[in-house]
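Biologist: I am new to this structure. Could you take me through it, one feature at a time?
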Amino acid sequence: MNDQSPVMTNGAAPGTGGREIPLSQARLGQRGVIARVHARPDVTHHGLAADELERRLLELGFVEGAAVEVIHEGLIGGDPMAVRLDDMRVALRRRDAAEVTIRLDEATR
């Protein structure tokens with residue numbers, strides 16, 4: 001490794017926070033950046049195949065590097081949740097949000 005390569009911590013580039021959590025665990029006001037979208041094939045997605053759910057999330061804009069902020073949580077169990085995703089707002093179920101991993105901003109931990 002040369003001296004100019006960035007040092008990674010918990011899969012994060014320097015200065016980007018570092019702690020990664022499923023979007024479903026993020027709480028109101030927390031912000032971050034999408035690290036990855038990966039629907040697990042061993043989890044029931046209520047009639048959807050894992051690759052179909054992953055495709056739908058990607059089509060909605062849940063792509064690596066997109067800024068995300070939790071802006072609303074439902075009254076019962078926090079479901080559904082609404083997020084600001086770059087310049088749009090998207091509502092989704094927490095069970096679907098569990099397939100999106102975000103890297104939290106240090107200021108909103």
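Biologist: Which element gives the most residues to the lining of the largest pocket?

Modeller: A general idea comes first. Rolling a probe the size of a water molecule over the atoms shows where empty space is left. Here, α1 gives the most to the lining, with four residues. Two other elements, β5 and α2 (94-97), also give two or more residues to this lining. Keep in mind that this is a predicted model.

Biologist: What is the volume of the largest pocket, and which residues lie nearest its centre?

Modeller: Its volume is about 200 Å³. The lining has 13 residues. Leu 48, Leu 53, Arg 56, Arg 93 and Asp 96 lie nearest the centre.

Biologist: Which parts of the model should I treat with care?

Modeller: Where pLDDT is low, the predicted coordinates should not be read in detail. In this model, pLDDT stays under 50 over residues 1-16. The model has 13 contacts beyond four places in sequence for that stretch. The protein chain as a whole averages a pLDDT of 82. A score of at least 70 is reached by 82% of the residues.

Biologist: Now the overall plan. How many helices and strands are there?

Modeller: The protein chain has two helices and six strands. Along the sequence, their pattern is β-β-α-β-β-β-α-β.

Biologist: How do β4 and β5 pair?

Modeller: The two strands run in the antiparallel sense, with five bridges. One of the bridge pairs joins Val 83 to Val 90 in β5. The strands form a hairpin, and two residues lie between them. In the turn, Asp 86 has a positive phi of about 55°.

Biologist: Let us go inside. Which residues of the largest nonpolar core touch the most other members?

Modeller: The core has 22 residues. Leu 23, Ile 34, Phe 62, Val 83, Val 100 and Ile 102 touch the most other members. Elements that give two or more residues to this core include β2 (31-37), α1 (50-60) and β6 (100-104). Across the protein chain, 37% of the 109 residues count as buried.

Biologist: Take Ile 102. What is Ile 102 in contact with, beyond its neighbours in sequence?

Modeller: Leaving aside residues within four places, its contacts include Leu 23, Ala 26, Val 33, Ile 34 and Val 68. Look at Val 33 in particular. The C-alpha atoms of Val 33 and Ile 102 are separated by 5.4 Å, though the two residues are 69 apart along the chain. Among contacts between residues at least 6 apart in sequence, 65% join residues at least 24 apart.

Biologist: Why does Val 33 count as partly exposed?

Modeller: In a regular strand the side chains alternate between the two faces of the sheet. Val 33 lies in strand β2. Its relative accessible area is 27%. Beyond four places in sequence, Val 33 touches Gly 65, Ala 66, Val 68, Thr 101, Ile 102 and Arg 103.

Biologist: And Arg 84: in which strand does Arg 84 lie, and what is its relative accessibility?

Modeller: Arg 84 lies in strand β4. At 29% relative accessibility, Arg 84 counts as partly exposed. Its contacts beyond four places are Ala 67, Val 68, Glu 69, Ile 71 and Arg 89. The C-alpha atoms of Arg 84 and His 72 are 9.3 Å apart.

Notes. Residues are numbered from 1 along each chain as its sequence is written. This is a predicted model: local features need pLDDT of at least 70, side-chain atom pairs count only at pLDDT 80 or more; totals for chains, interfaces and linings use all residues. Side-chain values use heavy atoms; hydrogens and water are left out. A nonpolar core is a set of buried Ala, Val, Leu, Ile, Met, Phe, Trp, Tyr and Cys residues joined through side-chain atoms within 4.5 Å. Buried means under 20% relative accessible area, exposed over 50%, partly exposed in between (1.4 Å probe, protein chains only). Contact means heavy atoms within 4.5 Å. Two strands pair if DSSP finds at least two bridges between them. pLDDT is the predictor's confidence in each residue, from 0 to 100. On a 1 Å grid over the protein atoms alone, a cavity is a set of points where a 1.4 Å probe fits but cannot get out, and a pocket is an open set with protein on both sides within 12 Å along at least five of seven lines; lining residues have an atom within 4 Å of a point. Grid points are joined across faces, edges and corners, and a volume is the space filled by probe spheres set on the points.
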